[in-house]
Amino acid sequence: MKNLDVDLHHRLGKMTLEAKFACETGGITAIFGRSGAGKTSLVNMLAGLLKPDRGRISLGGETLFDSAAGIDVPIERRRLGYVFQEGRLFPHLSVRNNLTYGLKRVPKGERRIELEQVVALLDIESLLERRPQALSGGEKQRVALGRALLANPKLLLMDEPLAALDQPRKDEILPFIEQLRDEMALPIIYVSHSMQEIVRLADTLVLMSSGRVEAVGSVEDLTSRLDLRPLTGRYEAGAVLATAIAGQDKAFGLTELRFAGGRLKVPHLNLPLGQGLRVRIRARDVSIALTPPRDTSILNMIECEVKAISEERSPQVDLQLDAGGAAIWARITARSCQALGLRPGLKVFALIKSVAIDRQSLGRRDQAARFLSEDE
Amino acid sequence: MKNLDVDLHHRLGKMTLEAKFACETGGITAIFGRSGAGKTSLVNMLAGLLKPDRGRISLGGETLFDSAAGIDVPIERRRLGYVFQEGRLFPHLSVRNNLTYGLKRVPKGERRIELEQVVALLDIESLLERRPQALSGGEKQRVALGRALLANPKLLLMDEPLAALDQPRKDEILPFIEQLRDEMALPIIYVSHSMQEIVRLADTLVLMSSGRVEAVGSVEDLTSRLDLRPLTGRYEAGAVLATAIAGQDKAFGLTELRFAGGRLKVPHLNLPLGQGLRVRIRARDVSIALTPPRDTSILNMIECEVKAISEERSPQVDLQLDAGGAAIWARITARSCQALGLRPGLKVFALIKSVAIDRQSLGRRDQAARFLSEDE
Amino acid sequence: MFELTALESEAIRLSLRVAFWSVTASLPFGLAAAWLLQRYDFYGKTLLNGIIHLPLVLPPVVVGYLLLILLGRRGPLGSWLYETFGISLPFTWEGAALAAAVMAFPLMVRAIRLSIETIDQNLETAARTLGASRLSVFLTITLPLIAPGILAGCVLAFARSLGEFGATITFVSNIPGETRTLPLALYSLIQTPDGETGALRLAVLSVILSLAALGASEIIERRLRARLID
Amino acid sequence: MFELTALESEAIRLSLRVAFWSVTASLPFGLAAAWLLQRYDFYGKTLLNGIIHLPLVLPPVVVGYLLLILLGRRGPLGSWLYETFGISLPFTWEGAALAAAVMAFPLMVRAIRLSIETIDQNLETAARTLGASRLSVFLTITLPLIAPGILAGCVLAFARSLGEFGATITFVSNIPGETRTLPLALYSLIQTPDGETGALRLAVLSVILSLAALGASEIIERRLRARLID
Amino acid sequence: ADRPVTLFAAASTTDAVNEIAEAFAAQTGGSIRPVVAASSTLARQIAQGAPADLFLSASGAWVDHLAEQRLIVAESQTALLANRLVLVAPADSPLRLQLLPGASLDAALGDGRLAIGDPAHVPAGIYARQALEALGLWDQVADRLAQASNVRAALALVGRGEAVAGIVYKTDAAIARNVKVLDVFPADTTPPITYPLAIVTGRDSVAVRAVYNFLKSDEAAAIFRKHGFTSPVPES
Ligand SMILES: Nc1ncnc2c1ncn2[C@@H]1O[C@H](COP(=O)(O)OP(=O)(O)OP(=O)(O)O)[C@@H](O)[C@H]1O
Ligand SMILES: Nc1ncnc2c1ncn2[C@@H]1O[C@H](COP(=O)(O)OP(=O)(O)OP(=O)(O)O)[C@@H](O)[C@H]1O
Ligand code: MOO
Ligand SMILES: [Mg+2]
Ligand SMILES: [Mg+2]
């Protein structure tokens with residue numbers, strides 16, 4: 001658990017990047033923001049690639065940069081792995097030598113990640129003897145990822161590492177990143193455009209907008225905040241619930257989760273009882289019923305109270321529901337809202353399909369082994 | 001409506017790329033496949049950047065390449081715009097000059113796309129005087145897109161053009177691409193990892209896997225085919241319905257669509273009555289009920305017959321439903337499947353939230369103006 | 001500062017003129033040769049390369065002698081030039097420029113070749129997808145990208161031309177006001193027992209000239225690079 | 001093929017030895033100078049640049065004379081070298097190599113500079129994030145990437161060294177078996193009225209040597225490039 | 001035998017000196033190592049401590065320069081060879097001219113040039129200027145000169161027909177097949193053209209003396225004569 005403390009000012013053309021925040025980088029810290037918000041620039045400053053006009057950066061008590069004190073730890077001594085947005089593979093080295101470039105510089109005793117492991121995971125065995133020029137876009141990005149990992153860094157910076165990868169490949173690599181975080185206790189700073197990825201991976205979220213850090217906090221908190229909606233994105237709207245494993249239904253491959261507002265059935269999770277788990281439920285996956293419907297395939301019906309109804313003039317309205325203290329969001333049509341006569345204070349049932357809570361929506365808080373049985 | 005006829009053989013390292021297919025490129029033709037499948041290589045051959053070992057390419061009756069006849073039309077005379085996977089902006093030119101590079105080479109009379117238009121759409125006004133090096137990853141990609149468009153090509157090749165963009169930006173650019181297709185009748189070949197994007201945009205789908213073209217057909221057909229699931233992806237599973245605008249509910253901002261199996265209510269679409277529209281309904285968004293539930297926010301209940309139930313040993317099962325001849329897929333838990341006693345032949349109701357059918361799920365078949373009113 | 005004698009200022013003017021035309025006239029050929037050698041494989045490429053590099057390996061005096069044999073009034077090329085165009089190169093400053101150009105040519109070609117080699121051909125194909133012909137790509141993409149290399153080649157050639165001695169004196173002789181460039185004047189002085197002081201002055205002048213040329217090129221290069229990198 | 005006379009084969013051996021050592025010994029300095037000039041801004045940079053380019057703008061004879069004055073037994077540096085290490089450079093083949101190195105130095109530096117300029121510094125920072133020190137980045141990333149430029153610089157310097165005449169004859173004289181390289185032998189022959197045939201033979205030999213050197217460099221370069229590009 | 005004796009010799013004596021070296025070796029078993037370059041270059045090198053034992057210069061000025069600095073053994077300095085200046089033209093030239101005061105050399109040149117060694121430093125050029133001045137022809141041709149870096153280069157210019165005429169040593173003209181001698185400059189138009197020979201200071205030894213004496217021998221004189229040199233008129 002490293003404390004990251006940042007207070008930076010830097011001019012970039014007409015824009016000024018101002019980042020002042022502190023957070024724990026125990027797990028994965030996501031940096032989210034629109035294109036041009038300054039994410040890459042911020043990460044570059046952390047890595048030492050871009051020298052801020054003024055400010056301070058400290059990580060785990062060690063000062064990496066301090067313009068006032070004249071401190072600027074050289075890039076290579078920061079030991080921060082970096083997966084670049086554009087790959088940056090060494091053109092004159094084979095894939096194998098690209099991969100081992102950093103590894104060779106790590107003393108044998110300190111190596112926690114080895115070549116075979118990474119090669120197997122990223123499925124790049126067949127590429128090892130090639131030159132980077134003979135790789136496809138996605139292959140390059142996988143090699144870049146492997147290269148940074150093999151440098152066994154103290155902290156890993158990843159700038160949209162999965163953007164060039166296809167969904168099945170992402171699905172393979174995401175658990176590995178989680179594994180890094182959990183088994184290797186490798187803190188990661190993860191830049192992404194995808195709220196899905198962030199919810200799945202991140203514990204802490206840094207929201208950026210036009211060069212400023214607008215908010216820093218847990219993923220649950222920030223994604224549930226209405227005022228941050230313009231930044232977190234409407235389409236992605238949803239709430240994150242803190243839950244714990246409450247039971248397993250081996251026969252049907254279901255797992256039961258307990259949370260403040262009741263119980264949720266989700267596809268099987270290979271986790272011990274009591275294990276904490278973060279679940280994101282997107283507003284668009286939640287329907288409302290006044291009475292619990294019967295004979296349907298919908299397994300999860302949570303009794304809630306309507307807390308607020310968004311006022312937006314739009315065919316769709318967002319409801320904020322309270323389920324025993326936990327916040328749930330539901331997005332329904334304005335027509336249904338009127339038809340059902342919804343109003344704050346009304347008791348309703350939130351209908352959530354089990355299958356809507358899939359691997360993409362699950363994140364974790366604590367350390368443990370891989371938790372999802374492979375479902376094909 | 002141009003006919004693309006391809007029959008190519010080319011060695012790429014240990015892999016052989018074999019592509020034999022013909023399709024109409026009237027609208028958007030998507031090339032989908034995993035990383036390293038050969039998508040970029042295929043597009044490079046179309047554009048003339050990579051010379052195939054042997055084979056033929058013809059577009060709209062014109063032979064672009066024919067190894068037997070010794071034909072190889074030079075790149076610049078193919079007039080195919082190309083948005084590269086890696087941008088490839090000219091480092092020595094300002095953004096403005098990058099943008100107008102192709103435009104200047106188009107005779108005034110043939111210009112259908114102008115600078116102001118593209119600048120406004122891509123929101124790059126403030127970048128015009130910069131050098132590409134001073135752009136963020138997403139900004140670069142937007143400029144690359146604009147540059148290719150401004151060359152007013154006869155056909156546009158796009159290699160994962162949106163991968164580096166954030167969701168709001170994607171949401172802005174997708175309608176523009178549709179507009180190109182519709183208003184300018186610009187055929188587009190679109191390489192993408194994202195089935196969401198493809199469903200939204202594409203009419204024709206070319207599925208590639210390890211260097212081979214495995215299937216070519218309409219997006220509806222290919223995404224509904226069970227045998228192609230390993231290629232199209234399980235998570236993305238769903239069916240595409242051919243529908244037409246049947247009515248407007250101005251008060252609630254809803255539009256009613258007619259299809260073979262009944263009617264669907266979706267968020268407002270600014271389209272004339274009778275207009276054809278493709279709607280993708282993801283299996284994970286469909287629930288099943290034996291009797292139509294009351295007092296719920298779910299507006300769409302379609303009566304169907306269960307046609308088939310997937311046999312996969314998994315907590316989730318996929319149902320193939322028949323709604324008056326149209327195929328709908330539903331993904332529910334195995335437990336619900338048993339609890340409801342589902343079996344082929346049974347009449348059930350498919351429950352589909354209106355909000356689940358959002359802009360991401362809508363594609364179009366015919367030409368018309370922008371059809372989605374901006375919802376915020 | 002010291003004042004220039006008539007001889008000195010004449011030699012400087014002449015040297016600058018010779019070096020300027022040497023570079024200017026050989027640049028198109030240098031560019032073409034570099035392009036040919038870098039981008040194409042053809043029969044006799046090594047030979048062409050060898051011929052271009054000859055002036056580097058042969059003593060300048062020999063090159064001057066070969067020029068004289070080839071381009072003198074009775075030489076095969078020289079007599080043709082004289083009869084057809086009335087051009088006679090020996091004993092003229094144009095001949096001096098030619099000698100300087102020949103000597104500097106391999107340097108120019110090498111520098112340009114090196115920069116052609118390092119440009120990203122993907123950018124060129126990208127330009128072609130935007131409708132630019134090969135020529136147009138060359139002019140709008142390749143040329144600006146190799147500009148620093150061309151500049152380096154020109155500076156090298158300019159400096160080499162400023163210093164050219166052996167081939168010049170052999171081909172065009174040492175004619176005051178016509179072909180007596182700085183190095184020739186300098187050489188004369190150094191060959192006389194008490195010429196050291198005069199020679200030193202000329203050497204300093206040469207150094208100043210070349211420093212100025214280098215300085216100018218650095219400034220241009222910085223601008224070019226600024227355009228390219230920032 | 002024609003048979004070589006003793007004089008010819010001696011001159012060839014000597015020329016090759018001189019050119020080889022000229023390049024080998026100056027390479028580290030050339031690399032350092034190119035690096036310094038390309039990557040750093042410092043006070044007196046233009047001056048250093050000017051000094052490096054001096055041998056290009058001064059007539060070779062003048063450079064040779066300056067070397068003689070500086071490094072001769074009575075010269076300030078020469079006497080120190082002799083007294084401290086017992087090294088005497090004038091009139092030895094080592095001196096010839098030095099003269100050739102000095103004359104070829106600006107060519108080598110320019111070529112290397114040009115290639116340092118074109119490498120993508122992002123790759124270097126990427127290497128540093130992987131834990132490589134500046135030195136290690138230089139050795140593992142920069143050096144291999146500029147290898148073609150270094151090679152070009154070496155070839156240029158080698159060829160220039162093979163052809164060096166003016167500075168050599170002035171600094172180390174024309175001593176048979178010790179400093180009479182190919183160009184000097186060629187000069188001697190040209191000075192004798194009937195030497196043309198012999199001179200021609202030597203000229204052809206020079207050309208063959210340089211073609212061989214160029215050919216070899218092309219092959220190496222192609223390999224290097226193959227490693228870099230495919 | 002012993003270490004070879006190094007003879008620094010003016011480039012214009014290359015052939016003769018080589019032949020003498022062979023003759024010396026054949027006769028005495030000793031060896032001469034001839035080092036040829038421009039006299040000026042050799043002189044400067046001797047001044048910087050070059051390993052020269054003997055210096056055969058084409059120019060008295062440089063030897064005097066060395067003598068002033070006591071770099072040669074004064075007693076050993078002697079005029080070894082003599083030469084004459086001649087006016088030459090290409091072998092096929094129709095030109096005829098007699099070198100008399102008031103001759104119209106400029107008319108003979110037409111629009112062509114007169115090749116001479118650079119009168120600033122090439123000994124032959126210096127003599128040529130003195131001779132032309134003595135004949136009152138210098139002003140006619142001062143702007144019509146092609147000044148070469150050494151006398152051989154001037155000869156080549158004439159031989160190749162680049163220059164209409166040239167002034168070179170008689171020795172050069174004698175061996176060049178593509179030029180013809182138009183006239184010999186009268187002896188009194190130049191100071192005596194001699195090639196001084198001297199022993200370098202500190203190099204005097206038995207072996208060096210042997211070579212020194214051999215160069216002055218009749219046998220050497222015969223060889224020199226074969227190459228067109230004459231013996232200097234004994235100083236009176
Ligand atoms: N050298 C520069 N000069 C001027 N502006 C710059 C420079 N470098 C970056 N910028 C600007 O700073 C802003 C932040 O850039 P940055 O690369 O950090 O964005 P980002 O958040 O990583 O975006 P993306 O998601 O598109 O990669 C952008 O608007 C960019 O145009
Ligand atoms: N020059 C080459 N030599 C050998 N193999 C190559 C070469 N170029 C490409 N390949 C291989 O060909 C395959 C197809 O590459 P291509 O770039 O077309 O893939 P892609 O489908 O575009 O992948 P991505 O989605 O990752 O961009 C890849 O496996 C790649 O490794
Ligand atoms: O023989 Mo000389 O010294 O070249 O005139
Ligand atoms: Mg970025
Ligand atoms: Mg690709």
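**Ground rules.** I am working with a predicted model, where local features need pLDDT of at least 70, side-chain atom pairs count only at pLDDT 80 or more, and totals for chains, interfaces and linings use all residues. Residues are numbered from 1 along each chain as written, chains are lettered from A and ligands numbered from 1 in written order, and side-chain values use heavy atoms, with hydrogens and water left out.

**Entry 1: chain A against chain D.** I looked up the contact (heavy atoms within 4.5 Å). Chain A gives 21 residues and chain D gives 22 residues. Next I took the buried area, which is the accessible area (1.4 Å probe) that two parts lose on being put together, summed over both. I noted about 1,900 Å², with 63% from carbon and sulfur atoms. Glu76(A), His92(A) and Tyr101(A) supply 32% of the area that chain A buries against chain D, more than any other three residues.

Entry 2: I searched for salt bridges (a side-chain nitrogen of Lys or Arg within 4 Å of a carboxyl oxygen of Asp or Glu). The rule finds one across this interface. Glu76(A) and Arg128(D) form a salt bridge through their side chains, at 2.6 Å from N to O. I then listed the elements, taking helices (H or I, at least four residues) and strands (E, at least two) as DSSP runs numbered from the N terminus. On the side of chain A that touches chain D, two or more residues each come from α2 (75-78), β7 (80-83), α3 (95-103) and α5 (137-150) of chain A. The largest share, three residues, is that of β7(A).

**Entry 3: ligand 1.** I counted residues near the ligand (a heavy atom within 4 Å of it). The shell holds 21 residues, and the closest are Thr40(A), Ser41(A), Arg130(B), Gly138(B) and Glu139(B). The site is shared between chains, because residues from chains A and B surround ligand 1. α1 (39-47) of chain A and α5 (137-150) of chain B each supply at least two residues of this shell.

I also checked distances to oxygen atoms of ligand 1. A backbone N or O atom of Lys39(A) sits 2.7 Å from one. For Ser136(B), a side-chain N or O atom is 2.7 Å from a ligand oxygen. For Gly138(B), I read 2.5 Å from a backbone N or O atom. Taken alone, ligand 1 exposes 640 Å², and the protein buries 87% of that. Accessible areas here come from the Shrake-Rupley method with a 1.4 Å probe; for residues, only the protein chains shown count as cover.

How values were computed: A polar contact is a pair of N or O atoms within 3.5 Å; within protein, one must be able to donate a hydrogen and the other to accept it, and residues adjacent in sequence count only if both atoms are side-chain atoms.
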